[in-house]
Structure formats: structure tokens, C-alpha cells
Amino acid sequence: MNQLIRAVAFAADKHRKQRRKDADASPYINHPIALAQVLANEGDIDDEHVLIAAILHDTVEDTDTSHDELVRCFGAQVARIVAEVTDDKSLPKAERKRLQIEHAAHISHGAKLVKLADKICNLRDILAMPPSNWSDERKREYFDWAKRVVDELRGAHAGLEAAFDETYRKGVPSGHAAPQVSASFR
Ligand code: NDP
Ligand code: ZN
């Protein structure tokens, strides 16, 4: 528990100048906390390494935090999960997206859980508080890409996969099996 609180304080400090992309520019830390909330209270996950990694999951990708710093402060197991869900920002965006699909089946179980929670939270954000300048088409593309990533890691956690599917369906008009631009995105 103490380490979890320490991770929240660490991530809050690292993300302190960052905001989410919604119209209100919500504090960035709301997002890692939302992942831990989904894992703990919707997925019943009590593995401290997984919950701490969820809190820290965007620190290496989006702040000056290094992998070694996470090893020093939170141990090798947490740092490894964070590394597994961290995109290589030196690559073009389309390549990073392709690699997420390619890698999802091969990461550790803990990393799959964090990735699943990340996709659930981002789809929920797109429905409830989307990036302010995104078109319906862009939201649709994101939903479809997130589903392709999640489809690769199925079997990791049935309950969280069902939560993802339920959120995904909210972006798809009823009666359509295939995703389309949805009125609910507007
Ligand atoms: P970004 O990767 O730039 O943005 C999505 C990420 O923003 C999420 O994964 C999430 O990441 C973070 N985020 C911050 N705030 C929010 C929020 N309120 N709701 C949801 N996510 C939020 O964009 P894309 O994923 O779209 O990647 C770019 C791709 O988009 C390009 O490959 C290009 O093909 C395509 N594109 C499409 C356009 C179109 O109009 N169709 C226009 C431009 C690009 P995290 O969890 O890390 O915080
Ligand atoms: Zn994230």
C-alpha cells in the first residue's frame, strides 16, 4: 500500500505540467489513477506490481522518467511492466500503432492487464471527454485500432475484456456488427 501511494505521488509530480486532450484539459494524473481504479475495482486485481505499473504506465513515454529510475524507485518487476507498455517515441506514429498490435500477444500477463485498462480508459474518455479537435472519423479509427490491440491479448482477463467490449459497443450504432461512424460520437 505504501509503495502504491508513493507511485501516485511520483506520477503526480512527473505529470504535473501535463494535461489530457479533452476540452477542459483535465489533469493528466486522472488517467493513470483511472487505470488503477479499473484494475482494482472492476478487475478485482490486487497484484501490487500491476497496480503500481498502471499508475506509472505513461511516465517513461511522456515525461523525463528513465527506466533505471523506475528500477531504483519501484523495482525491476514494475519497471519491466512499464517498459512493456511504453511506445518507442523515436518511431513514426503509424509504426508505433502497428507494433502495439504486433506485440500485444507477447507481453507479460501484468503488462496485458495494464494495456487492457489503458484501452478501456481511453475509449471511455473518447466517449465522455474526447480530445477537443477530433472528428468522428478519428475517434472511430482509434476505437478500431484499440480493438485490434485488445483482440491480440484476449484470454488475459475475461471481466476486463467484457468491460472493453461494452465500451467499444457504445461507439457502434445498435444493429451493426461492424464498426461505423456513430451518432454517439457526436
Ligand atoms: P494520439 O496518439 O495523438 O492520441 C491518442 C492518445 O492521446 C491516447 O492513446 C491517449 O494516450 C491520449 N489522450 C489524452 N487525452 C485523451 C482523451 N481525452 N481521450 C482519449 N485519449 C486521450 O492520436 P491517435 O491515436 O489518433 O494517433 C495518431 C494517428 O491518428 C495517426 O497514426 C494517424 O493515422 C491518425 N490520424 C487520423 C486523423 C483523422 O482525422 N482520421 C487525423 C490525424 C491523425 P495515453 O494513454 O498515452 O495518454
Ligand atoms: Zn495511458
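This is a predicted model: local features need pLDDT of at least 70, side-chain atom pairs count only at pLDDT 80 or more; totals for chains, interfaces and linings use all residues.
**View 1. The largest pocket of the model.** On a 1 Å grid over the protein atoms alone, a pocket is an open set of points where a 1.4 Å probe fits, with protein on both sides within 12 Å along at least five of seven lines, and lining residues have an atom within 4 Å of a point. Its lining comprises 31 residues, with Lys-21, Lys-93, Lys-97, Asn-122 and Tyr-142 nearest the centre.

**View 2. Ligand 1 and its shell.** Ligand 1 takes up the space of the largest pocket; a molecule sits in a pocket if more than half of its atoms lie within 2 Å of its grid points. The ligand is surrounded by 20 residues, and Arg-20, Lys-21, Tyr-28, Lys-93 and Tyr-142 are the closest. Here a residue is near a molecule if one of its heavy atoms lies within 4 Å of it. The shell has eleven charged, six nonpolar and three polar residues.

**View 3. Atom pairs at ligand 1.** An N or O atom in the side chain of Tyr-28 is 2.6 Å from an oxygen atom of ligand 1. Another oxygen-containing pair involves a polar side-chain atom of Asp-58, 3.4 Å from an oxygen atom of the ligand. At Met-129, a backbone N or O atom lies 3.0 Å from a nitrogen atom of ligand 1.

**Notes.** Residues are numbered from 1 along each chain as its sequence is written, and chains are lettered from A and ligands numbered from 1 in the order in which they are written. Local features need pLDDT of at least 70, side-chain atom pairs count only at pLDDT 80 or more, totals for chains, interfaces and linings use all residues, and side-chain values use heavy atoms, without hydrogens and water.

Conventions:
A polar contact is a pair of N or O atoms within 3.5 Å; within protein, one must be able to donate a hydrogen and the other to accept it, and residues adjacent in sequence count only if both atoms are side-chain atoms. Ala, Val, Leu, Ile, Met, Phe, Trp, Tyr, Cys and Pro count as nonpolar, Asp, Glu, Lys and Arg as charged, and the others, Gly among them, as polar.
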